[in-house]
Amino acid sequence: MTSVEIWRNSKKLSDLLNKKGRILTWTKITTPSQGYESQTPYVVALVELETGQKLPLQVIDFQAELKVNQKILTVIRRLKQPAPEGVIEYGIKAKPI
Amino acid sequence: MRVNILGVGITKFGELWEKSLADLALEAGSKALKEANLKPDQIDAVIVANMLYSKSGQDHLGALVAESLGINKASSHIEAACASGGVAIHQAINSLLSGLYQNVLVVGVEKMTDLSPSQATSALMGAASEEERQSGLTFPALYALMAKAHMDKFGTKRSQLAAVSVKNHANACLNPNAQFHFEVTPEKVLSSTMVADPLTLLDCSPISDGAAAVVLSNTPSDIFISGSAVASDSVGLSQRKSLVEIQATREASKQAFKQSGVGISDIDVLEVHDCFTIAEIMALEDLGVCPKGEGGKFVDSGKANLGGKLPTNTSGGLKGCGHPVGATGVKQLIEIYDQLRGSAIGRQVKDAKVGLTHNVGGTGATVAVHVIQR
Amino acid sequence: MIGIVSYGTYIPQFRVKLSEIASFWGKEPGEIEDSLGLREKSVAGIDEDATTLAVEAALQAINQISLPLKEIKALAIGSESHPYAVKPTSTIVGEILGLPHHYLALDTQFACKAATAAMRLIWMMDELRNDQFGLVIGSDVAQAKPGDALEYTAASAAAAYILGKGAVIATIIDSTSYSSDTPDFWRRDGQKFPSHAGRFTGEMAYFRHVFETSKHLMEKTHTKPSNFDHVVFHMPNAKFPKEAAKRLGFTPNQLKEGFIVDKIGNPYSASSLLGLASILDVAKPNQKIFLCSYGSGAGSDAFVLKTTPKITQYQSQRKNKVLNQANNKQYLSYQNLLRVMLAKGYIS
């Protein structure tokens, strides 16, 4: 993402932050997307927020086995490692509660 | 409708280090022209199907391929992710039915091995939505989400997913152009490296180079396309009505059946989009071959095998034959054509008269379905 | 009177054991633990940084009193691990929180007292006198060179304070600062890790500044140690604040509630403010609190605070208290920590 795209996206963050939701389905990724190598293996789920909105979110900070309908809270995190000279991409991730 | 197939041409699929995109397009295109007994100046339009070549810095593919084949008339490039081939055929059909053109050459071509594996994997995510890319999802992960939902809802088992891979690898062994010429056992599929659970490496189609070309015409020939439809759905999985079916498949096949006047029970041979094993299972359900939720059982019971009730992916599918993205939709058409004219040596479906191709873009955002008859 | 109307804290869940770090470097774990007085420290996850920690703490503070965002007229973040050398963390946090744009955003840097310095300034702002609020956050994902002594205590956490009038739970009665040029601990521009002057960081740095500032404030406010129910100092390790308390005449009992370093280590700009939060989690109404921070380079900010009767109600509604967060932990191996540092580009 360019810094302009990051900027445009960041405006949406406050609406998505600190919202409750539930996990619809998830998968553990062992072959990562570029930029996610350092977080591998990582889990991404399809989440439904209390607002009705559905979106894919990385799931973080969990110990126990995940289940369908697991309750989550949206939190802010770095999405992936930024390029050394690039703008940092912050985004929403899902934290089981 | 009746759009005639005059000639086809295809390259080997695989890691073709020594061939450039232009080389591949030329090889397939000139074979198709030769078989159609047409000279370049008799081609009114060439449509190139390709998804990823822009990443190498080259756009303007219509002109590039036209140049290599010596074609001076209309040229263009179609991109619809992995459905580029099917959609390009659909556009060619449209232009032929309009009467504006007599002969149209469709060339599907992809050159993926110039990119590193992680570059190629990331590039493929161009078929997904921005929020899917931002969440760290990969294509295998997207289909893994659908697989999980399917397994949760219908009890589909990993062994049934594996059965798709086993079958398609076995079929590929009989296809000289296929990327892979080795069989796999169910155990091998289940125990191969996990990519995104529950999908392992052997549940996933490979990265491939290759080209496939077809000359479509208003000049009559024995084998013709009788139905051609494209349908669309949301780019992202999150916005779909269901995770366990691809609605665009239902929509496109409904239209194609309507146009051709045949139904699923008339189909003798099938090429579906098995980018991942779960995709073939869902395709069989969504095309109406079996009820929703029973696709796993259908494949596992051997009904989709070469000698079975409805031979599916005799080419080896995307899994066994390879998946040079832009070429796949055209390759599927060529496989059905070969089956209908009796030239699918070693893997011939006896007396095949009606065939169907099913080509999907992304996780189901675009689906192109064609019915071919003789 | 202007004071604290709400606060929020965030301690990341990961802990690394000092014994593992010591063993890796061929040191005696027991000796290290004894000399520093702690066994484990908190570390941020691979996708966390000073910005994300600050947001977590701020959200807790804001949501606790359902403060309308447009009332926040100043947002200051003190850190020594700002993600950018040039580009304010405060505006990133402000945008993420959704603050409407008419506010002052301010980043401060003063080693471990970056946030308390900002707190003094914000406390003086006109806007606060006019029924609006200031948000001050101390947030750090402290880094130390692997193998260096600082590595054992450099930790991560954030503490956020909303200052203003209205339903004040602790009034800020008075404060003072002391500043000098003392090169005890520093990090040059472009360097990844800080350097320090070894034992010089004791007497001439920490102790001198904490002592002078605290003495001065008590004189100014005509108070003595026995007037206070709680005291909290910046906690670079478990020994220094205990010694500072002793020299000034405070008792171990007064130090107790704000003493968090033995649980999570030293989260730099969040250290004394997290200690204060820990006190506010349990303090009774009308109790006096003494706080003195320390920032290398060097300086101290000291505050005299007094809780109000409103604190009891506030405590009963605050769900995730400091002690709870400190005890919510998952151990990370030192190997994993190095992997995180590698991914973030701190080591290669």
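These legends go with a handful of close-up views of a predicted model. Residues are numbered from 1 along each chain as its sequence is written, and chains are lettered from A and ligands numbered from 1 in the order in which they are written. Because the model is predicted, local features need pLDDT of at least 70 and side-chain atom pairs count only at pLDDT 80 or more, while totals for chains, interfaces and linings use all residues; side-chain values use heavy atoms, with hydrogens and water left out.

**View 1. Chain A meets chain B.** Here 24 residues of chain A touch 26 residues of chain B, where contact means heavy atoms within 4.5 Å. About 2,100 Å² is buried between the two, and carbon and sulfur atoms give 52% of that; buried area is the accessible area (1.4 Å probe) that two parts lose on being put together, summed over both. On the chain A side, look for A:Q34, A:L46 and A:P56, which lose the most area to chain B and together make up 24% of what that side buries. Strands β1 (20-29), β2 (42-49) and β3 (54-59) of chain A each give two or more residues to this side; helices (H or I, at least four residues) and strands (E, at least two) are DSSP runs, numbered from the N terminus. The rule finds eleven residue pairs in polar contact across this interface (both at pLDDT 80 or more), a polar contact being a pair of N or O atoms within 3.5 Å; within protein, one must be able to donate a hydrogen and the other to accept it, and residues adjacent in sequence count only if both atoms are side-chain atoms. As for salt bridges (a side-chain nitrogen of Lys or Arg within 4 Å of a carboxyl oxygen of Asp or Glu), the count between chain A and chain B is zero.

**View 2. Chain C meets chain A.** This contact takes 24 residues from chain C and 24 from chain A, with about 1,900 Å² buried. C:D47, C:Y84 and C:I96 lose the most area on the chain C side, together 28% of what it buries. There are five salt bridges between these chains, and in one, C:D47 pairs with A:K93 at 2.8 Å, N to O.

**View 3. Helix α2 of chain B and its buried side.** In α2 (residues 61-69), B:L61, B:G62, B:V65, B:A66 and B:L69 are buried, that is, under 20% relative accessible area (1.4 Å probe, protein chains only). They sit on the same side of α2(B) because they cover an arc of only 130 degrees around the axis, judged by the directions from the helix axis to the C-beta atoms. They pack against α1 (21-36), β2 (45-49), β3 (74-78) and β4 (103-111) of chain B.

View 4. Most residues other than glycine have a negative phi, and most peptide bonds are trans. The bond from B:D197 to B:P198 is cis, with omega near 10 degrees, and B:P198 is in the loop between β5 (194-196) and β6 (199-200) of chain B. B:N313 has a positive phi near 60 degrees and is buried, at 0% relative accessible area. C:A111 has a positive phi too, near 40 degrees, and counts as buried at 6% relative accessibility.

Notes
Buried < 20%, exposed > 50% of the residue type's maximum accessible area, 1.4 Å probe, protein only.
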